[in-house]
Amino acid sequence: MAGTRDGGKGSGGTKPVARRLLATATRLFAEQGYDRTSVQEIVDAAGVTKGALYHYFGSKEDLLQEVYSRVLRLQQERLDAFADADAPVEQRVREAAADVVVTTIENLDDASIFFRSMHHLSPEKNKQVRAERRRYHERFRALIEEGQRSGVFSTATPADLVVDYHFGSVHHLSTWYRPEGPLSPQQVADHLADLLLRALRP
């Protein structure tokens with residue numbers, strides 16, 4: 001996903017070299033696995049030196065973290081925009097629910113790499129990523145709770161379970177979605193958002 005920030009070591013940045021390194025690492029991690037990809041292979045394929053890599057990323061592990069964090073940053077920005085919009089809560093939930101599906105499919109390599117390789121992160125980095133994900137889920141849950149408080153959504157199912165239900169589907173996308181398949185990203189997103197709203201209606 002887009003949504004990378006300008007910055008130095010570990011942030012990915014918007015600088016061309018950092019972007020090229022991240023794109024190269026993402027491709028290699030997807031093709032051969034994180035643990036089977038060396039730093040030397042990444043810099044050779046990106047056409048840069050190890051010094052250039054370590055200028056932007058402290059380690060191969062930092063690259064893995066950034067693969068996922070850049071996706072999550074974009075999704076968080078978009079969710080915040082939907083949540084803060086002046087629109088009925090049902091519309092905001094539907095748009096947010098569909099958007100996370102589309103942005104995940106558009107960055108399927110990033111998502112699949114991360115869920116396959118998350119166990120390679122250090123406990124500290126794992127904790128950071130989990131905190132970022134929790135912030136996203138909590139904002140989404142707050143939208144569901146807003147609809148439940150106002151009577152638009154049923155309270156029969158706790159908001160936490162509703163969020164887990166939807167994001168279970170999102171996290172599963174990398175195991176079955178294929179770009180050459182019969183459904184476009186937006187069609188999949190619309191179907192899953194409609195399923196969520198049907199489950200929420202009183």
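## Confidence in the model

The structure is a predicted model. Its mean pLDDT is 89. Of its residues, 93% reach 70 or more.

One stretch stands apart. Over residues 1–14, pLDDT stays under 50. The model still has 50 contacts beyond four places in sequence for residues 1–14. Where pLDDT is low, predicted coordinates should not be read in detail.

## Helix 1 against helix 6

Helix 1 covers residues 16–32, and helix 6 covers residues 108–117. Their axes come within 10 Å and cross at roughly 60 degrees. Helix 1 and helix 6 are therefore oblique to each other. The crossing of helix 1 with helix 6 is left-handed.

Which residues make the contact? Helix 1 supplies Thr26, Phe29 and Ala30. Helix 6 supplies Asp109, Asp110, Ile113 and Arg116. By class, the contact of helix 1 with helix 6 has three nonpolar, one polar and three charged residues.

## Helix 4 against helix 6

Helix 6 also packs with helix 4, which spans residues 60–84. The angle is about 130 degrees, and the axes are 9 Å apart. An angle of that kind falls in the oblique class, so helix 4 and helix 6 are oblique to each other. Their crossing is left-handed.

From helix 4 come Leu64, Val67, Tyr68, Arg70 and Val71. They meet Asp110, Ile113, Phe114, Phe115 and Ser117 in helix 6. The residues of this contact divide into seven nonpolar, one polar and two charged. Asp110 and Ile113 of helix 6 are in the contact with helix 1, and Asp110 and Ile113 also meet helix 4.

## Helix 8 against helix 9

Further along the chain, helix 8 covers residues 159–176. Helix 9 covers residues 185–200. The two pack at an angle of about 160 degrees, with their axes 11 Å apart. Are helix 8 and helix 9 roughly parallel or roughly antiparallel? Angles over 145 degrees count as roughly antiparallel. Helix 8 and helix 9 are therefore roughly antiparallel to each other. Their crossing is right-handed.

On the helix 8 side, the contact is made by Val162, Tyr165, His166, Ser169, Leu173 and Trp176. On the helix 9 side are Val188, Leu192, Leu195, Leu196 and Leu200. By class, the contact of helix 8 with helix 9 has nine nonpolar, two polar and no charged residues.

## A pair of aromatic rings

The count comes to four aromatic pairs. One of them joins Phe140 and Phe167. Their ring centres are 5.1 Å apart, and their planes are at 80 degrees. Planes over 60 degrees apart count as edge-to-face, so the pair of Phe140 and Phe167 is edge-to-face.

Where do the two residues lie? Phe140 is in helix 7, residues 123–149, and Phe167 is in helix 8. The pair therefore ties together parts that are 27 residues apart in sequence.

Methods: Residues numbered from 1 in each chain as written. Predicted model: local features only at pLDDT ≥ 70, side-chain atom pairs only at ≥ 80, totals over all residues. Heavy atoms only, no water. Axes fitted to C-alpha atoms, helices over the stretch in contact; angles between N-to-C directions. Helix = DSSP H or I, 4+ residues; strand = E, 2+ residues; numbered from the N terminus. Parallel < 35°, antiparallel > 145°, perpendicular 65-115°, else oblique. Left-handed = near helix turned anticlockwise from the far one by under 90°. Contact = heavy atoms within 4.5 Å. Nonpolar A, V, L, I, M, F, W, Y, C, P; charged D, E, K, R; others polar. pLDDT = per-residue confidence, 0-100. Phe/Tyr/Trp six-rings, centres within 6.5 Å; stacked < 30°, edge-to-face > 60°.
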